Amino acid sequence: MAKVTIDGVMIEVPDGTTILQAARMIGERNKADRHVVPPAMCYYTSLKTSGGYCRTCIVKVTKGSDKDPRPMPKPVASCRTAVMDGMEVANTTDPGLVDARNGVVEMLLINHPLDCPICDQAGECHLQDLSYENGKEASRYEFERRTFDPIDIGDTIKLHMTRCILCYRCVKVGEQLTDGRVHGVINRGDVAEISTYIQNAIENDFSGNMIDVCPVGALTDRTFRFASRVWFTKPVNAHRNCGNPRCNGHVVLWLKGNEVLRVTGRKDMWGEVESFICNTCRFDKKDLAAWTVEGPRQIDRHSVINQGHYNLERKQALLTSPAPNVPELAKRKELKDR
Amino acid sequence: MGRKLLFEHIDKPGIRGLEGYRANGGYRSVEKALKTLSPEAVLEEVKKSGLRGRGGAGFPTGMKWSFLAKPEGVPRYLVVNADESEPGTFKDRYLMERIPHILIEGMITSSFALGAKVSYIYIRGEYFYVARIMEQAIAEARAAGWLGKNILGSGFDHDIHVQVGAGAYICGEETALLESLEGKRGNPRIKPPFPAVKGLYDCPTVVNNVETIAAVVPIVNDGGEEYAKIGIGKSTGTKLISAGGNIKRPGVYEIDLGVTCDEFINSDEYCGGVDGRAFKAVVPGGSSVPIVPYELFLKTPAGENRLMTYESLSEGGFAQGTMMGSGGFYAYNDAQCIVRSTWNHTRFYHHESCGQCSPCREGTGWMEKVLHRLEHGEGRTEDIDLLWDIQRKIEGNTICPLGDAAAWPVASAIRHFRDEFEYHVTHREKVKDPKHFAREPFRKSAKFATA
Amino acid sequence: MSARTRPITTTEGTKPFSFSEAGLAECKALMARYPEGRSKSALIPILHVAQAENDGWLSVNAMDAVAQVMGLRHIEVYEVASFYSMFNLHPVGTYVLDVCRTTPCMLRGSDDLITHLEKKLGIHAGETTKDGMFTLKGVECLGSCGTAPMLQCGAQFHEDLTIEKADALIDQLRARNSRTNYTDR
């Protein structure tokens, strides 16, 4: 066991636990301590080798361990760094670190279209929350943003590469959950993109989980496309006897009246799916009669939109120049594509 | 005139072939190591030599080797980093092209010390013709029994393979190199685990630069102590410096660590001074190290002569020093524009960013765009502070050192040449001519005159 | 700033591809070099072979043939091919002129060299002449800083270039009119 202190809050965790997991254990122990938990955009507990890429979860290790108390020279990715006995970590208590994370958020946003008004992810988007909690009021980026055309990767999934932050989660889903990955990351640097390269459909029983793990609106459910804003739907827990041995059929149904608009996996308080579900449950069972409803789903309404934070008065405009591709996207008759 | 350890015989006829190499004392270190020394004894000599990694980081080689994990029944690998891509650096190409057997000899001796039965040379794809030279030399060595089973009857087996890359600076980072060698995209791995524990094919691996491994040959031949007699302090032995830019005599020079910077840049034995104008700035260790004004290259902030050693070059810290890096040395004359050069540097890092982590992926392109705007007469005063802040947000926050390497040239250029950046804002029309300073050199204002 | 050139991601309008006998033998030899189960290590060397046998670029057909020979998923090949700058993902000319433009070359006049070649060939860096003879590429540091400015064509480095030397090289290549590849011996 190792004792670790994050922002002054101490916890004892098994050896090998990462700083991020230790912080989440603190948050689970006492909701009031949730401020010690670093944001994570690419790490996903159930996906092996995930994490380390987005750099939003960086923390400052102010004391390495009891044995070697020297601080670590650079911020470290808390999702990929194991705790040591006696380690002390600053998450929100170090101004330098807060500033560094602020920089990471700004970088993630410079090429993001900010097309939230027409994005299905709005309201449950981790990038919205991240930028609200850790970002600045305005971007200093004034150049044309990188754009990609949205493409269908099969009947059920739409890829908006423009919104992608290259977290690699969907690639890990393809690798670890499906029986053959057909998509990946092509090109390099800031033109790297999630792609199948050739026109290709991602057809697999578990491919729909890519939508659930996507932290932004890059991968969305075509069967739910523009059907409703998520905050106008009523989520209920439900299950069915799913024949697929790898799917337990425990889902969330997002209802409008008695109409099932969308089916997703059940997410924990950190936004991660508790157990992955199959595509039959997700896409084909849109009839309420197919499900046993357990009751209303408790949603942790910390999301920016859910709390109406966007009504806050701002000192300056969100952008120094408007994102060029919002009207552009509309122009491309996106909306016709329902 | 310093001692030549690697280049002693480089001009001898036939040195590129096995026969010529052998006639000049080649493969003696293999004989000595395999017949008279234990692997531990070879490691001990390397430790005693004080040899530091010649690829850029300058990490003590003996210490790196001693970190190598040795679990039972798991193969260990030596991988030679010949991905030489750091702008300004061409010493490894020169060495491999002219005297390929010294690398092979060093690899056999080093592999004996490390217990590696197979080693790889990862050569950047653009050096395809060098890879052919190495392959041919390996074939010669194999035919003569220097490679293969039971070398010199010692019971030690070893073989070497040449692997070519395909154009990616990032593959010079050791874990990206290993990924590439495994047939994947050159994305650096997240550390720990380090290659010494989990490297190539998840096995313990040492990755060393070409020059580092070649230096093992004289170290084993003459003994580590003898090697350590050359140099000053923790900078021991000789170092290959690739010299380019606006100097009279570009080329690769083997210097004793400890030569003064003045001698190196101005004497006819090395760079031979400036090519007809006046020196303005120096990048002594490859594009990633801080650029310094010429005067600050010659003298430390304390006013002493600066020396070509790891320590002396970095004296004054980041604010007033620079680094030895890979020894990719290039000098600027007063026709050159620092803003243009910084834009060029940044375009390079933008082009070479692997795209894995966000600060580097997004930040390098952003800096390039701002620098492009400044250099082309469309900049604003705020751009300079913006650049400063972007590089600060990249440095230290990325998976691998490419982020730092992209940030440092920008930071140092602004630190030392801020007035030149300001000039680009105040003289927008003038700088639209790409040769603006060739026609009329930039003069420092009193405010920025170097002390 | 270099514009993004989209790779050609369709087989439409491209030639079918299969390895020559010699090429296939080389692939097998390359794959045998690595430890058991690690033949994927041969991917980059084999892509070089495929590119040389496919008029200097990697079409989807060529990459699919590589995947087939190596027993890899197609996406694994596309991912790697699109990462490395020496792999061309659209057709190129008989000669690809890789002109180094990084700082040490810039200090010794590479900007002028590129401008001159653009004018002489009537194309911008990144483009191919109409007759399909030359592709001009501005590339990053080729490790020839002491002999700058320089360009690479196939396996060969052409160093210490002047405008005159570059002109002579272009004329010479045009007269020879036979493809060069990085893998040329």
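**Exercise 1. Is the crossing of α6(B) and α7(B) left-handed or right-handed?**

Solution. The structure is a predicted model, in which local features need pLDDT of at least 70 and side-chain atom pairs count only at pLDDT 80 or more, while totals for chains, interfaces and linings use all residues. Residues are numbered from 1 along each chain as its sequence is written, with chains lettered from A and ligands numbered from 1 in the order in which they are written.

Step 1. Locate the helices, which are DSSP runs of H or I with at least four residues, numbered from the N terminus, strands being runs of E with at least two. Here α6(B) covers residues 100–114 and α7(B) covers residues 128–143.

Step 2. Take the axes, lines fitted to C-alpha atoms (for helices over the stretch in contact), with angles from 0 to 180 degrees between N-to-C directions. The two axes come within 9 Å and cross at roughly 60°. That makes α6(B) oblique to α7(B); under 35 degrees counts as roughly parallel, over 145 as roughly antiparallel, 65 to 115 as roughly perpendicular and the rest as oblique.

Step 3. Assign the hand: a crossing is left-handed if the near helix is turned anticlockwise from the far one by less than a right angle, and right-handed if clockwise. The crossing of α6(B) and α7(B) is right-handed.

Step 4. List the contacts (C-beta atoms, placed from the backbone, within 7 Å). Pro100(B), His101(B) and Ile104(B) of α6(B) meet residues of α7(B) including Ile133(B), Met134(B) and Ala137(B). Nonpolar means Ala, Val, Leu, Ile, Met, Phe, Trp, Tyr, Cys and Pro; charged means Asp, Glu, Lys and Arg; the others, Gly among them, are polar.

**Exercise 2. Describe the sheet of chain B and the helices on it.**

Solution. Step 1. Strands pair if DSSP finds at least two bridges between them. Four strands of chain B form an open sheet with parallel pairing, in the order β3-β2-β1-β4.

Step 1. Neighbouring strands are turned by 20° against each other on average, direction ignored.

Step 2. Between β1(B) (77–82) and β2(B) (118–123) there are six bridges; Tyr77(B) stands opposite Val118(B).

Step 3. Helix α7(B) packs on the sheet, touching β2 and β3 of chain B, and its direction makes about 170° with that of β3(B). Helix α9(B) (210–222) touches β1 and β4 of chain B, at about 90° to the direction of β4(B).

**Exercise 3. Describe the sheet of chain C.**

Solution. Step 1. This open sheet has four strands in the order β2-β1-β3-β4 (chain C), and the pairing is mixed.

Step 1. Both β2 (134–139) and β4 (156–158) of chain C have a single partner strand, so one side of each is left without a neighbour in the sheet. The twist averages 25° from one strand to the next.

Step 2. Strand β3(C) (151–153) runs antiparallel to β4(C), joined by three bridges. The bridge partner of Cys153(C) is Gln156(C).

**Exercise 4. How many residues does chain C give to its contact with chain B?**

Solution. Step 1. Chain C gives 38 residues, and chain B gives 49.

Step 1. On the side of chain C, α2(C) gives the most, with five residues.

Step 2. That side has 21 nonpolar, ten polar and seven charged residues.

Terms used: Contact = placed C-beta atoms within 7 Å.
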